[in-house]
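Colleague: I have just opened this one and would like to go through it with you. Could we begin with how the helices pack?

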Amino acid sequence: PRGLHPRYRFDSFIKGASNELAASAAMAAADEPGTRFNPLFIYGGVGLGKTHLLHGVGHELHRKDPNLRIVYLSAEQFMNEFVTAVRNNEFDEFRARYRRDCDCLLIDDIQFIAGRDRTMDEFFHVFNALYEAGKQIVVTADRVPADMAGMEERLTSRLNWGLVADVQLPDLETRIAIVQTKAARDDMELSPEVALSIAELVRSNVRELEGALLRVTAFAQLRGVEIDPAFVRSVLGKTTTDKLPVTIEAVQKAVAAYFSVKISDLKGKRRHRGISRPRMIAMYLCRQLTGSSFPEIGMRFGGKDHSTVINACKRIEALAKEDEDLHAAVESLRGQLSAA
Ligand code: ADP
Ligand code: MG
């Protein structure tokens with residue numbers, strides 16, 4: 001289908017703890033379009049695989065049914081086409097393309113249209129038409145709908161109707177697997193030690209990882225040397241001052257240790273105050289520090305509803321104003337997590 005990158009398929013996407021949920025949801029959406037995960041909203045930082053997964057949905061749907069009309073474009077292109085259609089009096093064609101002759105809509109980087117009122121308005125109508133017709137919609141963004149300044153309330157609410165899933169920074173194992181897979185794809189031999197040293201040095205995102213691999217192999221070729229971990233460090237050493245953002249797991253671990261409770265209790269249902277307080281604090285810190293959405297946090301706390309998380313955040317904010325110990329605990333944890 002038009003606009004899809006030939007390499008961005010599910011079979012070249014490496015799954016790991018950091019992207020498991022988003023990848024599985026994308027595959028499920030391609031498996032049963034328009035049913036369970038509609039709309040599917042994938043968000044996260046740059047270079048973490050959102051576009052790759054979005055194209056993957058398109059490829060997979062096309063593979064199963066080549067007659068399916070799959071429309072892929074960035075939100076920026078959507079806006080440009082809309083503006084052009086209005087200017088050239090081709091609005092009927094525009095409407096037909098996106099509302100009628102479309103079985104699956106894949107929109108990349110939706111945050112782009114925040115604050116652009118007429119485009120948001122048009123997207124709202126496109127969304128409604130497709131949604132009511134049971135067509136699959138997949139949207140990516142760099143943050144959760146609620147955090148997009150300037151996005152219409154009725155749109156953010158719709159984007160939250162289905163599943164909201166994030167892609168996070170890949171953990172070490174996933175980074176090693178990505179390096180090895182990319183090297184193998186390009187017919188390069190990398191020893192496990194070399195793959196490990198690259199994966200250890202580049203922690204920021206997958207695109208950086210790809211760039212690092214390219215740099216190492218290109219330099220080795222130019223200098224005619226074998227690649228070993230020392231060579232990797234000499235090439236990449238200077239470029240790695242990146243700091244890791246906080247993960248939900250890290251918050252849970254720190255809070256559990258701080259209050260001497262089990263992580264399983266944080267994810268569980270026990271209402272005893274010695275447990276429910278730490279649980280609420282953990283949810284609050286997740287919201288503050290990880291950029292995850294309320295539904296996502298709920299899911300990572302044993303499948304709780306997003307309203308539970310919202311209430312926990314409100315409660316901790318209120319309690320922190322009157323309870324000095326609690327305030328101190330929250331701030332100490334915040335400092336500890338932010339410094340990590
Ligand atoms: P985003 O849209 O989140 O900014 P992209 O989807 O453009 O990120 O990914 C950046 C690059 O990293 C692409 O070349 C993509 O194929 C690759 N990539 C990202 N995540 C993975 C993954 N889990 N497995 C394989 N390649 C990945
Ligand atoms: Mg992208």
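Modeller: Keeping in mind that this is a predicted model, we can begin with helix H13 (residues 273–290) and helix H16 (residues 324–339), which pack at an angle of about 45° with their axes 11 Å apart.

Colleague: What does that angle make H13 to H16, parallel or oblique?

Modeller: Because of that angle, H13 is oblique to H16, and the crossing of H13 and H16 is right-handed.

Colleague: Which residues meet there?

Modeller: From H13 come Arg277, Ile281, Tyr284, Leu285, Gln288 and Leu289, and they meet Leu326, Val330, Leu333, Arg334, Leu337 and Ser338 in H16. The residues of this contact divide into eight nonpolar, two polar and two charged.

Colleague: Changing topic, how many residues does the largest nonpolar core have?

Modeller: The largest nonpolar core has 31 residues, and Phe41, Leu105, Ile110 and Phe123 are those with the most contacts inside it. Among the elements that give two or more residues to this core are strand S1 (40–44), helix H3 (75–87), strand S3 (104–108) and helix H5 (117–132). The largest share, six residues, comes from H5.

Colleague: And what is Ile110 in contact with, leaving aside its neighbours within four places in sequence?

Modeller: With those neighbours left aside, Ile110 is in contact with Phe41, Ala75, Phe123, Val139, Thr140, Ala141, Met148 and Met151.

Colleague: Which residues belong to the other core?

Modeller: Another core, of 27 residues, lies apart from the largest one, and Val261, Ile275, Ile316 and Leu333 are among its members. Leu333 is also one of the H16 residues that meet H13.

Methods
Residues numbered from 1 in each chain as written. Chains lettered and ligands numbered in written order. Predicted model: local features only at pLDDT ≥ 70, side-chain atom pairs only at ≥ 80, totals over all residues. Heavy atoms only, no water. Core = buried A, V, L, I, M, F, W, Y, C linked by side-chain atoms within 4.5 Å. Buried < 20%, exposed > 50% of the residue type's maximum accessible area, 1.4 Å probe, protein only. Helix = DSSP H or I, 4+ residues; strand = E, 2+ residues; numbered from the N terminus. Contact = heavy atoms within 4.5 Å. Axes fitted to C-alpha atoms, helices over the stretch in contact; angles between N-to-C directions. Parallel < 35°, antiparallel > 145°, perpendicular 65-115°, else oblique. Left-handed = near helix turned anticlockwise from the far one by under 90°. Nonpolar A, V, L, I, M, F, W, Y, C, P; charged D, E, K, R; others polar.
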